[in-house]
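Biologist: Could you take me through the labels on this one? I'd like to hear what stands behind each.

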Amino acid sequence: PEKDSPRFDGEGVLDFIFGAWESEPPPTEFLVEGLVPKECVAMWYGRADSLKTWLLFSMAVALSTGATWLGKYPTKKVKVGIVDYETGKKNVQKRLYMLRAGKNPNLGVACMTTLKPNQEEFWDALAAYKFDIVFVDSLRRANQGGEENDSGQAIRPLELASEFSEKTGCAVVYIHHARKEANDGWPEF
């Protein structure tokens with residue numbers, strides 16, 4: 001509702017909306033059917049050598065062409081960005097070649113950028129590309145210097161991604177590593 005609507009609380013601090021729940025919201029729009037909705041922040045994680053990067057690079061190629069992913073999941077043809085902090089330019093090029101990405105104007109890659117997802121400037125720069133989905137590999141390398149046990153530092157890239165996604169409609173998918181050891185009784189992921 002608009003600010004002059006009787007449903008808007010008018011306080012201006014939290015801007016609560018009241019009583020606007022009688023209409024059914026639109027259905028969820030998926031970029032990868034049943035898996036990745038538009039305007040989301042997601043994390044794909046697993047153990048080392050569990051093919052996380054390969055799987056998501058193949059998803060990026062499928063999304064950029066509108067192909068079915070893994071022969072099972074329909075995708076929308078969208079503009080895709082990959083921000084790589086881990087694989088390196090030569091290996092990214094090799095993987096995308098092996099995945100038959102070809103001359104694809106809907107697929108962009110940036111490797112080892114100096115801007116990081118824990119900086120607002122990263123998201124401002126990313127917005128200019130008007131991607132529909134961005135894959136960041138990996139959260140740990142993209143947030144170097146951030147103490148993983150300090151929730152404020154660890155959560156910052158996710159908070160900024162959420163604000164970015166809400167503002168632009170772009171989905172953000174982080175690749176993340178599961179813990180290597182679980183000696184404290186907690187599961188690995």
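What follows is a chat about those labels.

Modeller: First, the ground rules: this is a predicted model, where local features need pLDDT of at least 70, side-chain atom pairs count only at pLDDT 80 or more, and totals for chains, interfaces and linings use all residues. Residues are numbered from 1 along each chain as its sequence is written, and side-chain values use heavy atoms, with hydrogens and water left out.

Biologist: Okay, why is Trp69 called buried or exposed?

Modeller: Buried means under 20% relative accessible area, exposed over 50%, and partly exposed in between (1.4 Å probe, protein chains only). Trp69 has 3%, so it is buried. Trp44 comes out at 27%, so that one is partly exposed.

Biologist: What makes Trp44 and Trp69 an aromatic pair, and of which kind?

Modeller: Rings of Phe, Tyr and Trp (its six-membered ring) pair if their centres lie within 6.5 Å; planes under 30 degrees apart are stacked, over 60 edge-to-face, the rest tilted. Here it's 6.0 Å centre to centre with 75° between the planes, which makes the pair edge-to-face. Trp44 is in strand S3 (residues 41-46) and Trp69 in the loop between helix H1 (52-65) and strand S4 (80-84), 25 residues apart. Helices (H or I, at least four residues) and strands (E, at least two) are DSSP runs, numbered from the N terminus. Ring pairs also bring in Tyr73, giving a cluster with Trp44 and Trp69.

Biologist: And why is the pair of Tyr129 and Phe131 called stacked?

Modeller: Their centres are 5.7 Å apart and the planes meet at 15°, so the pair passes as stacked. Phe131, with a relative accessible area of 13%, is buried.

Biologist: How do you know that the charged end of Lys79 sits over the ring of Phe131?

Modeller: The rule wants NZ of Lys or CZ of Arg within 6 Å of the ring centre and within 35 degrees of the ring normal. The charged end of Lys79 is 5.5 Å from the centre of the Phe131 ring and is counted as sitting over it.

Biologist: What makes H1 largely enclosed by the rest of the structure?

Modeller: Eleven of its 14 residues are buried, hence the wording. Among them are Leu56, Phe57, Met59 and Leu63.

Biologist: How do you know that the span of H1 agrees with what it should be?

Modeller: The expected span is 1.5 Å times one less than the number of residues. For the 14 residues of H1 that gives 20 Å, and the end C-alpha atoms are 20 Å apart, so the two agree. After H1 comes Gly66, with a positive phi near 80°.
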